[in-house]
Amino acid sequence: MRKNKFKKALSVFLVLSMCVALAACGKKNSGNQSGENPNGGDTTGNSSDKPLVVGTLQFSEKFSPFFATTGYDKDLADLTQVQMLTTDRTGGLILNSIEGETVPYNGTDYLYKGVSDITVNRDEAADTTTYNIKIRDDIKFSDGHVMDADDIIFSYYVLSDTTYDGSSTLYSTPIVGMLNYRKNNSNAENTVVTEDEIAKELASLSDASKEAINKEIIAPTLTSELDWAKGLYGKDSYKEYTEKYPVTKDLFAHFYSVDESYDSSKVEDEAKVLADIIEAYGANYQALGEAYAGDETYFADQVKDVVSNVLLEEKLSKGGDEVANIAGIKKISQTEVEVTTKGFDASAIYNICGISISPMHYYGDESKYDYDNNSFGFTRGDLSIVKEKTTKPMGAGPYKFVKYDNKVVYLEANENYYKGQPKTKYIQYKETAEADKISGVGTGTIDIADPSGSVAAFDEIANYNSNKELSGDKIITNTVDNLGYGYIGINADTVKVGSDPASEQSKNLRKGIATIFTVYRDVAIDSYYGEVASVINYPISNTSWAAPQKSDEDYKVAYAQTVDGNDIYTADMTADQKYEAALNASIEYFKAAGYTFDEATGKFTKAPEGAKLDYEILIGADGKGDHPSFAILAKAKEDLAKIGITITINDPSDSNVMWDKIEAGTQEMFVAAWSATIDPDMYQVYYSTNILGKGGSDSNHCHIADDQLDQLIMDARKSADQAYRKATYKTCLDIILDWGVEIPVYQRQNCIIFANDRVNTDTVTPDITTFWKWTNDIEKIEMK
């Protein structure tokens with residue numbers, strides 16, 4: 001078998017997803033919320049027949065509220081739907097949205113209204129939380145049908161079905177009876193598979209386990225990799241392979257055939273080659289891991305989960321009753337639904353209430369809906385009737401889907417929209433290349449777009465305006481902070497002293513490196529982004545309500561203190577003086593870590609046991625240094641070399657080389673960016689069991705394992721008090737920084753541009769934020 005050293009590694013992130021490439025501006029959170037200025041006018045009246053044309057990147061044509069996955073498909077789907085949950089301009093929850101709540105923002109009071117009132121009740125004695133959702137009784141879908149609780153129940157059961165494969169994770173929320181329903185066994189939630197049982201099964205796999213491993217890991221991975229192989233042609237980094245194997249099936253077989261004697265050239269059908277190779281692997285996940293990532297243990301954790309599920313199914317087969325419904329989801333009335341979960345999780349409300357209320361009569365089958373007799377609008381285990389409508393959405397949102405034709409989506413105003421028929425009758429979402437978005441708005445082919453922010457992009461925008469500003473006679477520009485941030489990570493398990501990554505010596509080693517990286521952030525980010533990004537000092541997006549503010553009494557600049565706790569910099573220092581001060585502070589950190597320093601040469605000559613004089617840092621900068629943090633690494637490399645510490649910058653042309661190392665846990669340092677969610681829950685990224693191989697999400701790439709941090713994360717998760725959660729998260733952030741495993745670098749901005757000569761920008765929703773999109777009050781927008 002051939003090792004594939006050039007393979008990509010797939011990452012699955014639940015609450016947070018990591019990305020190296022900068023996401024295009026405008027990939028925004030889903031949601032249809034109301035944000036009316038109490039002094040604003042009525043939105044009813046005649047609609048303009050002049051279409052509003054929006055430039056967007058390519059659609060996947062999955063416009064379903066259930067199955068949309070890409071940001072642009074989801075944005076389109078949202079315009080046809082209404083969400084149960086309403087949030088304000090800061091991402092704050094509006095739980096009484098039927099009458100509405102007034103919340104100030106930037107000196108203005110805004111009234112937020114939506115379709116539901118939500119009450120959250122915690123029962124400490126029973127250790128349960130109940131979410132009561134009451135919707136308005138006058139909401140109509142675009143075809144005139146009145147929305148009711150049955151539509152909510154239908155939507156919940158679609159998202160809970162065992163065959164559901166969309167992006168919602170409602171089914172993973174600890175709703176009472178959810179596991180019993182999905183396993184169709186009344187004993188499921190009370191049945192435990194022990195670690196010893198799993199280990200025994202792994203030592204000698206049963207036929208059932210082998211079949212499940214092949215079906216759930218081997219087959220989907222190889223199927224995905226066949227698609228990956230198809231995309232290699234034309235890429236210089238794979239030229240030697242694509243020239244040797246000009247036919248995809250043969251290239252795929254070269255990388256993945258587990259049988260050296262297998263000759264794919266004698267098999268004409270590509271599908272047959274795939275099937276042959278899948279069959280050849282059987283349950284040999286070690287061989288697949290070696291071919292996929294050069295690590296035969298790569299799929300070990302996934303296999304453990306599969307085996308655990310097989311053992312659970314075996315236990316359940318010996319007893320228990322069939323389960324016809326989800327006990328924790330109840331219809332109270334035609335306008336009221338109740339959902340009960342085990343325990344309390346502050347982020348659960350987004351899964352439970354943050355769904356679109358979709359029409360059962362359209363996506364399902366009314367003849368198959370009988371709540372009292374456990375029939376929920378479709379055949380259990382068969383979502384084909386729902387998927388049939390994936391390309392043609394319908395809901396109660398401000399616009400009706402008309403068609404997708406020649407790379408344009410056509411929408412028409414929904415006359416039944418509960419906030420009033422939109423002023424602009426027609427909208428067209430036009431697929432537009434990233435490079436053409438600004439020129440499209442500037443020359444009049446599109447009216448609104450979301451170009452990626454950069455110095456060059458903003459120069460291009462300014463050149464269209466006669467005043468040479470970002471907002472002028474041709475283009476109006478709106479910028480908001482991106483829901484995420486860029487950082488430099490250090491792996492505590494590979495950058496340490498001795499065997500303990502939590503020791504003070506290990507922390508001092510990492511802080512010695514972090515101090516040098518940190519001092520060059522300002523110049524690097526300003527050079528790359530100009531005014532469209534800012535340096536941050538805590539590992540959290542500035543968009544979060546939990547982010548520390550500069551006005552806070554205990555706010556500190558990251559890694560700006562000496563090993564003794566004194567400030568490294570003074571306000572009157574020049575840039576060069578700061579660089580020198582940082583290097584001197586770094587020397588003291590390395591000394592405290594146990595490094596041997598030669599005073600005569602001014603260099604370190606020996607590293608303590610477990611540590612090194614040279615480290616590698618990975619960065620996905622296309623092999624040419626095209627990354628906002630690259631200049632930081634280059635300058636830090638020069639400075640550390642002066643004191644005998646070598647930093648090797650690894651900038652592969654294929655960033656998957658970097659991800660292979662990160663996901664194998666072998667990386668030392670790396671550059672990346674987090675894409676966050678509204679809720680600042682830190683469990684997925686910093687909880688110790690989420691370190692690779694610990695049985696969790698494998699998303700803790702910095703390998704931080706701190707008992708106090710774990711406890712604080714869980715304490716914050718279980719509280720509904722936002723002030724308490726913010727203070728707790730501040731302590732968490734301080735612990736993360738004290739470990740020296742993450743250097744917060746930048747908060748960049750997203751931008752939306754409007755054609756000022758065609759869009760009446762006075763009718764665009766004011767105070768657009770990360771959580772409040774230009775589409776939130778889209779029914780008010782008028783064309784000139």
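Which residues are buried in α8? They are Val-273, Leu-274, Asp-276, Ile-277, Ile-278 and Tyr-281, where buried means under 20% relative accessible area with a 1.4 Å probe, protein chains only. This is a predicted model, in which local features need pLDDT of at least 70 and side-chain atom pairs count only at pLDDT 80 or more, while totals for chains, interfaces and linings use all residues. Residues are numbered from 1 along each chain as its sequence is written, and side-chain values use heavy atoms, with hydrogens and water left out.

The buried residues of α8 pack against α5 (207-230), α7 (248-256) and α9 (285-293); a contact means heavy atoms within 4.5 Å. Helices are DSSP runs of H or I with at least four residues, strands are E runs of at least two, and both are numbered from the N terminus. The twelve residues of α8 (270-281) should span 16 Å at 1.5 Å a residue, and the end C-alpha atoms are 17 Å apart, which agrees; the expected span is 1.5 Å times one less than the number of residues. Just after α8, Gly-282 takes a positive phi of about 60 degrees.

Turning to the whole protein, there are 23 helices and 27 strands. Of its 784 residues, 53% count as buried. Among contacts with a separation of 6 or more, 70% come from residues 24 or more positions apart. The C-alpha atoms fill a box of roughly 85 × 70 × 65 Å along the principal axes.

Methods. Buried means under 20% relative accessible area, exposed over 50%, partly exposed in between (1.4 Å probe, protein chains only).
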